Amino acid sequence: MKRFTFISLALLILVPLLAFCAWAKPKTPARKHVKPKVTALICSYRERGFSGSGVETESSMVVIGGLVAGKGWISSEQAKGLLHKGDKLPLHVPITGAPLGTVVLTGSEGALGYGINPPYFVAHATIPSRKRDTYRKADKEGLAVWSQLGHAPRWVTGKVLNVNSKYYRKVITNWLRTRETSDLAVKYMVVEQIIQADINRDGRMEAFLSFHSSFETNRVPRDQAFSCLIMQYNSGTRGKTKTVAIADENSDLVMFLIGGFCDLDRDGWAEVVIRWWGGEGNGSDLLHWTGDRFKLLRGWELNV
Ligand SMILES: [Ca+2]
Ligand SMILES: [Ca+2]
């Protein structure tokens, strides 16, 4: 009887306590995001592989495909301590994150030339024939992001909007004005990308805007040139939107684009893959969003 009373008493205390905890649990992720304890390697897969003008360019970050079921490499310096023979990297369509195929690292093979010294990883990419057709019509590029945690990262789908969106062009213009960009440079700005994605899983879309001053000669004086990537987000206070710069250069010799959004450590916040091209090289950066700014997790660069 005593035992029964004790259990009843315990239940009487525990049930309301558990109910309170469930109620008090935050419904959305915390505002602050801790830096993921993970390193990663971004790989790009291109249909044309080693051919064309981009031999040096193609050796950046990168696993590069030849044609489908193609072959590429990752130089040892970039892969050191990160990758091992036999590793498999899921390949995804940029921006949307749709599964595309697999890249398998098969180990070093002979001399490659092109300034790539052994040891390096040879990478074979395979894309199922069903997806090959879609891939060829679309971006002709795949992205693989490898994580030390050993599991496939969760990709967040990005939505590509028309670059003529009046609303976002206005957002860009307003941002440029706060930056004291000249009217002439604003007039001839070129919008490259407008992409929406919910990177912090709060149910609200963040917008990524890539734009630069006109590349046409004599349109904008060199000292007024710019190339930027910004994000517009909802700050959470009375539905107010804010903008934050991800990249901001006083130059038209570089361009920044979103590659995709993948949650490497599966904490609910997507890390952001940036691709950039410049006069002296190209590369990829992996960034994470802290809630009020972006921090670089890792970057890869190839100087040419
Ligand atoms: Ca969001
Ligand atoms: Ca994350």
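Colleague: Thanks! What is the mean pLDDT of the chain?

Modeller: The mean is 72, and 57% of the residues reach 70 or more; pLDDT is the predictor's confidence in each residue, from 0 to 100. Over residues 20-31 the pLDDT is below 50, and that stretch has 7 contacts beyond near neighbours in sequence. A contact here means two C-beta atoms, placed from the backbone, within 7 Å. Where pLDDT is low, the predicted coordinates should not be read in detail.

Colleague: Got it. How many helices and strands are there?

Modeller: The chain has 6 helices and 16 strands, taken as DSSP runs (H or I, at least four residues, for helices; E, at least two, for strands) and numbered from the N terminus.

Colleague: And which strands form the open sheet?

Modeller: Its order is β8-β9-β10-β11-β12, with antiparallel pairing; strands pair if DSSP finds at least two bridges between them. β8 (159-160) and β12 (241-249) are at the edges with a single partner strand each, so one side of each has no neighbour in the sheet. Strand β11 (residues 227-234) is joined to β12 by 8 bridges, and I230 has A245 in β12 as its bridge partner.

Colleague: What lies across β9, β10, β11 and β12?

Modeller: Helix α5 (residues 166-178) does, running at about 65° to β10. That angle is between N-to-C directions, on a scale from 0 to 180 degrees, using axes fitted to C-alpha atoms, for helices over the stretch in contact.

Colleague: Switching topic: where does the largest nonpolar core lie?

Modeller: It has 47 residues, and I199, F261 and V272 are among those with the most contacts inside it. Domain 1 (40-152) and domain 2 (159-303) both contribute residues, so the core lies between them; the bounds come from an automatic or database domain assignment. A nonpolar core is a set of buried Ala, Val, Leu, Ile, Met, Phe, Trp, Tyr and Cys residues joined through C-beta atoms within 7 Å. Buried means 20 or more other C-beta atoms within 10 Å of a residue's own.

Colleague: What is F261 in contact with?

Modeller: Leaving aside neighbours within four places in sequence, its contacts include G97, W155, I199 and V272.

Definitions and conventions. Residues are numbered from 1 along each chain as its sequence is written. Chains are lettered from A and ligands numbered from 1 in the order in which they are written. This is a predicted model: local features need pLDDT of at least 70, side-chain atom pairs count only at pLDDT 80 or more; totals for chains, interfaces and linings use all residues. A residue is buried if 20 or more other C-beta atoms lie within 10 Å of its own, exposed if 12 or fewer, and partly exposed in between; C-beta atoms are placed from the backbone.
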